[in-house]
Amino acid sequence: MHEAPSASAQTQHRQLLSQLSGILHDLEPIQNQLLELYQKKSQALRKINVKIIDECGVIEAELTRELQFVLLRRQQLLQAAGQQGLPADSLHDLLLKLGVPESDPLFERIAATQQRSKKLRHETWVQWIVSTRSYQHYTQVLELIAHAGQKVPTYSRGQNESGTGGVIFDASA
């Protein structure tokens, strides 16, 4: 049979639960702000509004720093729990090891946090693809301009190479 946790262990468990709740309290608004920001950034990418994209980048950098701080706190909490004999790989696992009933609202908050995290990963992946493809297109356009509209063969040994830098770069043209 399991022994009832001592008063000291109960105090430690309450502290862990309090820290876990605090982490969720800080994480939820950051995730929501990032989701709103990514919607705004997606619209700006569609409309090619560089000013808004740049503004979103600054805000995103700040929110990312805040998110990293919360994740550091999460890691420290999981390490502290491990030192108290409650090793856990996630906040969900930690709640189970603390004996919190699965009907507790903390489990719902963790599930909602995981769903937002999936949405954030998906949105950042989509934006990364759009940005990468835009960059590739941009470099191809620059290459065409630099070579006066002529595509230079990828593998050449001096043939088909022009002595000029293209109309834009060659003042003699």
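L142 is partly exposed, its relative accessible area being 38%. In this predicted model, L142 belongs to helix α4, which covers residues 105–146.

W125 counts as exposed because its relative accessibility, 51%, is over the 50% cut-off.

Turning to charged side chains, the whole structure holds four salt bridges. One of them joins R73 and D26, whose closest N and O atoms are 2.5 Å apart. This pair links distant parts of the chain, as R73 sits in helix α2 (residues 50–83) and D26 in helix α1 (residues 7–47), 47 residues apart. Both partners are partly exposed, R73 at 22% relative accessibility and D26 at 29%.

Another salt bridge brings together R109 and E28, at 3.0 Å from N to O. R109 lies in helix α4 and E28 in helix α1, so the bridge ties together parts 81 residues apart in sequence. Here R109 is partly exposed at 23%, whereas E28 is buried at 17%.

E60 and K41 form a further salt bridge, with 2.8 Å between the closest N and O atoms. This pair links E60 in helix α2 to K41 in helix α1, 19 residues apart. E60 is buried, with a relative accessible area of 18%, and K41 is buried too, at 14%.

Key: Residues numbered from 1 in each chain as written. Predicted model: local features only at pLDDT ≥ 70, side-chain atom pairs only at ≥ 80, totals over all residues. Heavy atoms only, no water. Helix = DSSP H or I, 4+ residues; strand = E, 2+ residues; numbered from the N terminus. Buried < 20%, exposed > 50% of the residue type's maximum accessible area, 1.4 Å probe, protein only.
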